[in-house]
Amino acid sequence: MSDAVVPHRLEPNAQASRSGTGWLKRALDSDIFYSFRRSRMTMVAAAVTILFFLLAIFASQLSVQNPFDPAQLQLMNSRISPLWTAEGQSPFLLGTDEQGRDVFSAILYGLRISLVVGVLGVVLAGTLGITLGLIAGYFGGTIDGLILRIADVQLTFPAILIALLVNGVAKSVFGNRLDAMSTLAVLVVAIGLSFWVQYARTVRGSVMVEKNKDYVAAAQLIGLPAPKIIFRHVLPNTMGPILVIATINLALAIITEATLSFLGAGMPDTMPSLGTLIRIGNNYLFAGEWWIVAFPGIALAGLILSINLLGDWLRDALNPKLR
Amino acid sequence: MTVPVLSVRNLEVEFLTRRSTLRAINGVSFDIAKGEVLGVVGESGAGKSVTGLAVIGLIDPPGRIASGEIYLSGTRIDHLPPEEIRRIRGKRIGMIFQDPLTSLNPLYRIGDQIVETIRTHMNLSETAARKRAIDLLAEVGIPAPEKRIDAYPHEFSGGMRQRVVIALAICAEPELIIADEPTTALDVSVQAQIISLIKRLGRDHGTAVMLVTHDMGVIAETSDRVAVMYSGRIAEIGPVQDVVQNPLHPYAKGLMGAIPTLAGEDKRLVQIPGSMPRLSAIPPGCSFNPRCAFAFDRCRVDRPEPLKHGSHAVACHLFDTAPGEAAKETAA
Amino acid sequence: MLAFTLRRAIQAIGVMIAVGVIAFSMFRFAGDPVNQIVSLDTPAAEREAVRKSLGLDDPVPVQFARYFGNAVQFKFGVSYQFRQPVSNLLMERMPATLELAACATVLAMVFGILMGVYSALRRDTILTKFFQAVSLIGISLPTFLIGILLIYLFSVTLGWLPSFGRGDVVRIGWWTTGLLTLSGLKALIMPSITLGLFQMTLIMRLVRAEMLEVLRTDYIRFARARGLTTRAIHFGHALKNTLVPVITVAGLQFGSVIAFAIITETVFQWPGMGLLFVQAVQNVDIPIMAAYLLMVSLIFVTINLVVDILYTIVDPRLRSTISRPA
């Protein structure tokens, strides 16, 4: 019965992209788009995710101050509660923290850092994983065994532990006082090194399967170099699963960054990410200054929830069996 | 005439997809008498298995029985509440599936699975059920059943596992056995044994058997009557000898022509051009018309109903002697 | 069976050696151990003496052998911050972590399995939707946020439960337990929930997916065709087949629960190994980091081994075909 259903087309491929409008029509008619339209939750999640990205991109235009610039902070403005409460003061919509930092502005800038670290971490993990997966799958043998072994061992350790270790070692090697940008780079590396395994396994699996297929042999017979075949034919086939992994990993990467920062092993107080803001705010929770921790927390939870919803939907849409 | 064990009348089964409703079974009618073996043949996708599942009430959503009636020994069973049809399954209708390797739960001893089934349907004690289980295993030809009863499914070969599956299907003395491709997954050497086992059990217990297969050889060997299915309909139904030796429907002709025989070695095997239409693209009129060498105008417009023709019933306009007359009749 | 166990054990030792190399490299190359022991104004000659006394002049393989030999005897060197043997620090804190992880795992298993089974069998009820919402939140809310939320609700606002620490503990030999006192149990509630929620979500999703998969199998279809009751099919056949992989995963998860305890312990100031490790990372206390890595790896590897062996006992197919590692 399933053969009556139009095959999934996530991306324009050779067949569908012959004409631009034809491709659009196909995309709008695809099962993916259908399931997207049918799930209101997914549409909301997509909208919220886009909103968060826009907020991060236009952070400097939307905020009332640059929370990273100590010169713009005034201690007399510290610990102001949100605007709608009795002690609220304009322009501090969501109140201020103990340094007089506007919580709303800090969230926008923190969001930017969280997203940058998350996206770069996922890109690094993806690049690393796909490359290693291609190498393992294509060459096989000893190198394949080695990569698999490393992946196996690493898979038993939670990402957060690996990230913490990388972070600790980096601190030790570069000295305890890393500047904020270097910390950011360390975080990206830590996340990239923690999440590559899934990509590598997925890509390796597909390469192994495709490698032995007749069309590869045929392509080799007519003189196409094997790496070209892998890149042109095998890699595109794995793009669906990779996209699902990447989406879910983005949420995980953002959580990991926030957790590291919360644990004091991530972004410093002078250039706080959402996790840092929550750590700072947590100290004021007992004093009843809930807004310092609550709003960054809500922003973080909302962001991760939306991305996870997108990821869940994408996984189900690409894998009709699970529906 | 006695009441047939199974009587199916104008059965229609639909599958709802998001684009359309696909009709997997479209107006199928047939009877099976006590002790009779009805073979159901056709290409994959012709609706053979779905018919079997419909009878036993195992069509799962998005599929459903859209219309028609199913009678078991005169009682209508197609609209029973789930709990009542559940009581009929296994007790009055036994089912054998295609793949014995996956039909048994790998984590339970086969004895436990048989005893469980017996005790679900019969009021027997644990010991009595176990004794019956051993007898059943002996009857289906498992050597040393009192020892093998405590083995796990993976400790049996494919053929032996199918025997266990058959023991499970007959453990409550059903009136009807539905065997869905019972030999397809087995080695050729084992196939014959399983077929003769099913045949013997049917004869010994007076059980009616609905044997679904795409293997004409199996049908010819076992069945009393045969129904040839094509894209959700019965093309031709009749006594097995008559249908095999003198098929009427062009599709049945093609099907019989595609069987190699030992005698006619000089004959080329006949091939039917094209393939069965997809459920989403069934042509109007007779669904076989695009592949039929004898198709004429009426075949492209009018859907033929099975009409009695000698010992057969055949759904083909070529044999409709009185066009327009809705003398709908089915072979009993 | 024996050959299988043996092969798995050898694999486990291989992993431990690999982790040992990493731990040693951290210990030896990430920062100069001498700097951590002497003060900044120590003269060069004295530094050299310390270097010699620590054996840092020996060839690297010799140093590794020595480090590994010591590690096998649970000697991990001296903590830079506390000036105490790392093994003492770890042993002192291990009971707190293990009790927390065990409670969280039990919680996660019980509720995860119940919710997973229910949502697989009743796919469209309101309760299932609710469970799925809970599972989404469990996956989406970072552990530390859940902890903060619980503290705010039950400690700050309601004042029912303590916000930090282990409460009163009872000492049994070298082990300290909080399970025997009321304050210890009360202190355990929120950290267990915080730590267990993510695992519960995972188990629930796994049970649901696994159960739906099993319900689609031929033997379940055949069980239905045999007319077995829905109850027997769901809770006899489907559940047993579902739980085999679930137990494996849940067992393997126990290792990551211990690692995830790092976060929970930080939020609740729970005096366990995780908190020690976080403080070590913050203060670049490499001996503790390396030792923690080794300890946690040992726990992981042991659990993996036990789960593998258990798995073969649960699944009869593997029991007789042990020669093939599954």
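**Exercise 1. Describe the stretch of chain B that carries the UniProt annotation "domain: ABC transporter".**

Solution. According to the unreviewed UniProt entry, the annotation "domain: ABC transporter" covers residues 8-256 of chain B; such positions are given in the numbering used here, feature names are shortened, and annotations may be inferred rather than shown by experiment. Over residues 8-256 the chain is 41% helix and 26% strand, where helices (H or I, at least four residues) and strands (E, at least two) are DSSP runs, numbered from the N terminus. The end C-alpha atoms of this stretch are 25 Å apart.

The model is predicted, and local features need pLDDT of at least 70, side-chain atom pairs count only at pLDDT 80 or more, while totals for chains, interfaces and linings use all residues. Residues are numbered from 1 along each chain as its sequence is written, and chains are lettered from A and ligands numbered from 1 in the order in which they are written.

**Exercise 2. Work out which elements of chain B supply its side of the contact with chain C.**

Solution. Begin with the totals: the contact takes 24 residues from chain B and 19 residues from chain C, with two residues in contact if their C-beta atoms, placed from the backbone, lie within 7 Å. On the side of chain B, α2 (82-88), α3 (100-103) and α4 (110-121) each supply at least two residues, and the largest share, 4 residues, comes from α4(B). Sorted by class, this side of chain B has 10 nonpolar, 8 polar and 6 charged residues; here Ala, Val, Leu, Ile, Met, Phe, Trp, Tyr, Cys and Pro count as nonpolar, Asp, Glu, Lys and Arg as charged, and the others, Gly among them, as polar.

**Exercise 3. Describe how chain C meets chain A, beginning with the residues that each chain gives.**

Solution. The contact takes 32 residues from chain C and 34 residues from chain A. Among the elements of chain C that each supply at least two residues are α1 (2-29), α10 (230-268) and α12 (286-314), and the largest share of this side, 7 residues, comes from α10(C). By class, the side of chain C that touches chain A has 25 nonpolar, 7 polar and no charged residues.

**Exercise 4. Characterise chain C by its elements and by its buried residues.**

Solution. Chain C has 13 helices and 2 strands, and its C-alpha trace spans about 85 × 60 × 35 Å along its principal axes. Of its 326 residues, 44% count as buried, a residue being buried if 20 or more other C-beta atoms lie within 10 Å of its own, exposed if 12 or fewer, and partly exposed in between, with C-beta atoms placed from the backbone. Helix α3 (residues 44-53) of chain C is hardly covered, since the count of buried residues among its 10 residues is 0; just after α3(C), Gly55(C) takes a positive phi of about 80 degrees.

**Exercise 5. Determine how helix α3 and helix α5 of chain A pack.**

Solution. Helix α3 (residues 40-57) and helix α5 (residues 103-139) of chain A pack at an angle of about 110 degrees, with their axes 8 Å apart; axes are lines fitted to C-alpha atoms, for helices over the stretch in contact, and angles run from 0 to 180 degrees between N-to-C directions. That makes α3(A) roughly perpendicular to α5(A), a term that covers angles of 65 to 115 degrees. The contact is made by Phe52(A), Phe53(A), Leu55(A) and Ala56(A) of α3(A) and by Leu108(A), Leu111(A), Arg112(A) and Leu115(A) of α5(A), and these residues divide into 7 nonpolar, no polar and 1 charged.

Conventions
Parallel < 35°, antiparallel > 145°, perpendicular 65-115°, else oblique.
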